[in-house]
Amino acid sequence: MALIELEDVRRSFTVRTRTGRLRREKREVHAVDGLTFDIEAGACVGYIGPNGAGKSTTIKMLTGILVPSSGQLRVAGVDPARERTALARRIGVVFGQRTTLWWDLPLRDSYELARRIYRIPDARYRANLDRCVELLELGGLLDTPVRQLSLGQRMRGDLAAALLHDPQVLYLDEPTIGLDVVSKGRVREFLRQVNREQGTTVLLTTHDLVDIEQLCDRVMVIDHGRLVHDGDLAGLHAVGMSERTLVVDLAEARPPIEVAGARVVKVDGPRQWLAFPAQQSAAPVVAAVAERYPLVDLSVREPAIEDVIAKMYARVAIG
Amino acid sequence: MADTVTGAGAETLLERARWSVRAWWLMAGMWTRAVMSYRASFVLMLGANIMITSLDFFVVVLMFQHTDRLGGWTLPELGFLYGTSGIALGMANLFVGSTDALGARIRAGTLDTMLIRPAPALAQLCAERFSLRRLGRPVQAAAVLAWSLTALDVAWTWDRVLLVPVLLLCGTVIFSALFIGFATLQFWWGEAKEIQNSFTYGGATLLHYPPTIFAKELVAGVVFGIPLAFVNWLPALRILDRPDPLGLPAAFQYASPVAAALCAYVAGLLWRAGLRAYRGTGS
Amino acid sequence: MPVSAKPGGPPRGRPPRTATAGAARVYLAVAAGSFRRYSTYRAATLAGAFTNTVFGFILAYSFLALWQARPGLGGYDTAQAVTYIWVSQALLVTVAVWGGGFQDDVQERFRTGDIAVDLYRPVDFQGWWLAGDLGRAGFHLVARGAAPMIAGALVFDLRVPHDPLVWAGFLLSVLLAVLVSFGLRYLVVLTGFWLHDSDGVRSVMLVVSMFFSGMLLPIGLFPGLLGEIAPLLPWASLVQVPTDVFLERSTGAGLLGALGFQAAWAVVLLALGRIVQLLATRRVVVQGG
């Protein structure tokens, strides 16, 4: 049986807009417009889409904050709308931009509160805390007030807080936003372990395709409240014809580089931008360039999710 | 009802109430420790708080520099009204006063965070940003009440003695219900925080003065409408042996527990309706 | 909250070329913008006016009772005493006896750290916030002053002036009251450059301001030394002076004296604010921003 089941879930809001001095207009907005999908226990799923597509409305319904206007929804065996507190014990939630830790208190205090609010048995609490502390390298930070933690440390602290009660599902909203490369790597590594070893089902929303590439075996794309893609990442790249960008700094300004499998999209003095298909490895392109041009520096940029999706729509519109 | 069904099966109302109180206690404890990490600021704010609340009574004292009686009542009698009303409002503010920022909590997303914890959202909201500096008002009001009790000339029969703690308890419940009930307006009307002030702080100010100085319609309004009169006016008539300006049956003077229960019930209904509207269940 | 209504600091960019005319235009625009910004908080304004009305009723009855016991107390007849309450309720938010207005915005800029940049903007820091506060006061006088006053007039016998000159004098007095109030709040807010947060100072100021403005009781009713000092302090400008102008207790030379008293405090406080602002700027320079 699937852990998360949605069947034709809809959610609309009434929005009042002021049209004149005193006149107001009521409008129905369909934030989620007929979602149907299942997520099996132990899966790691990326949930992406442009802002305002219905992502956060979906998450709010899955966590029991919002009640669907219509449709069937079950998470971990309960109906989130009717059994909010029972559900709360079975899920963990982390918002990238909003910490649930206590700002002025040592990190440990937030965990102690979680132990009591979630009524976690002592032995389990200690085991889980020890595991999180070890994997997230929080050992030296437990007695530090949260306000003194760096963004990356705080995110790791938040992850631990969300997992102390052994949730079956972990919802993550932009878990790597604003983090440096090292912190991002640590967070991803930890999530992979939680998913593979603990079997925790993970559903994450993100704007960072690397999160999805490294963590998720399945991607769902939502737009205007409907699923427009549900499959693996390669499929998304194929549909979206997405491209990665190789940025090269040459020793001097040169005419556009000519190599097979990539095309120059921009030149600015000694710096040139080359686009190549996202499914392809960067290595042959780099090798070809290095062979014939005086390279000073280079970097590879991942395609932005927005671009991938935009291209996908453009294709759907043409096809 | 959406929120009463839990995974643990049928939780009794009593268990639920105990869990609410415990959740409140845990959260309020966390906030207290957080505030105490800025100790100097806390002491300063507590002092300022006591000064602000004292100002109201100081003005009453100044009024009595120019007269012996206000509406036929003496200064110790006003002290009794002031003390009881201040304690009730102050304790209610201490326990549930944080609900006044509901609109802001909704806008900041804090309410959503509360809804994903396995504890009653109302208990969490009441404990949010809890601060012991709110003790300023009840402490100052208690001092005034203590003074008035020594200065009053009352024949302390057993029912009068008993009425004092009962009215303090019921007054706290009534003001708590007003805080919560009017806070729920912010589910629909996010910036309407001040409406609540009219009935809580405004109500307490009304109760500082004897009922005899107000228009009868207004007095009737706070007996049968928003039942502020049960906080201290009606029981005080009995304790201080004063005639009722409305000439109501004497039973009203003992009826504060009934009024308090009714207020709590209505506030509970309003909160549920508000939360349902927010989550999008009803309508 | 609509994004357009968000408070911001002075703009970046070059100062206008024709200094005085340009500056005047900027300040007018700032004041008008602030007026509009406050007018977008409709629910809050309505709720606030309702609260002023409720408190007006309660306090008016308490004054009625006092003046019933002591007719003519402090030189006010009963109608004047009740009117005193309603005028003071109308002024409470307008002249920000409680603090607030631009103060909240500046404190927010302290929290975000934007304040250090604000001091180096081409538009004068004090002038910018003063213009905004005048716009706010204008809105509050209309929205939170008029409505409770009308409600009060429906139930109580109020003493409303008929002479347009008295009204003119009253409006001028309210304007000066806002200037004095701004001067005081500006000093409080500048303490933020030296203190961790200015909330403590603000609370003390609130107590002093509520009492010495005559908001709770006419200053003339204060006993002994309090009664002698209170009329000389700047806070008297906030409520007591404009209300006495409204009640036609200050007329002719008395009116000029009252306005002069307010104007003098306004000048002193604004100048003081300027000096403290200079010290604050120097402090920011020393700390390296």
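Trainee: Let's begin with Phe37(A): buried or exposed?

Mentor: Keep in mind that this is a predicted model, so local features need pLDDT of at least 70 and side-chain atom pairs count only at pLDDT 80 or more, while totals for chains, interfaces and linings use all residues. Residues are numbered from 1 along each chain as its sequence is written, chains are lettered from A and ligands numbered from 1 in the order written, and side-chain values use heavy atoms, leaving out hydrogens and water. Buried means under 20% relative accessible area, exposed over 50%, and partly exposed in between (1.4 Å probe, protein chains only). Phe37(A) has 4%, so call it buried.

Trainee: How are the planes of Phe37(A) and Tyr47(A) arranged: stacked, edge-to-face or tilted?

Mentor: Rings of Phe, Tyr and Trp (its six-membered ring) pair if their centres lie within 6.5 Å; planes under 30 degrees apart are stacked, over 60 edge-to-face, the rest tilted. Phe37(A) sits in strand 2 (residues 24–39) and Tyr47(A) in strand 3 (residues 44–48) of chain A, strands being DSSP E runs of at least two residues and helices H or I runs of at least four, numbered from the N terminus. With centres 6.4 Å apart and planes at 50°, the pair is tilted.

Trainee: And what relative accessibility does Tyr47(A) have?

Mentor: Tyr47(A) counts as buried too. The value is 0%.

Trainee: Over to the interface of chain C and chain B. What area is buried there?

Mentor: Buried area is the accessible area (1.4 Å probe) that two parts lose on being put together, summed over both. Carbon and sulfur atoms give 78% of it here. In chain C, Ile58(C), Tyr61(C) and Val207(C) lose the most area to chain B. The total is about 3100 Å².

Trainee: Which side chains meet in a salt bridge across it?

Mentor: The rule wants a side-chain nitrogen of Lys or Arg within 4 Å of a carboxyl oxygen of Asp or Glu, and it finds 1 salt bridge between chain C and chain B. The N to O distance is 3.2 Å, and the partners are Glu194(B) and Arg144(C).

Trainee: Which helix gives the largest share of the side of chain C that touches chain B?

Mentor: Helix 2 (42–69) and helix 8 (199–212) of chain C each supply at least two residues. The largest share is 18 residues, from helix 2.
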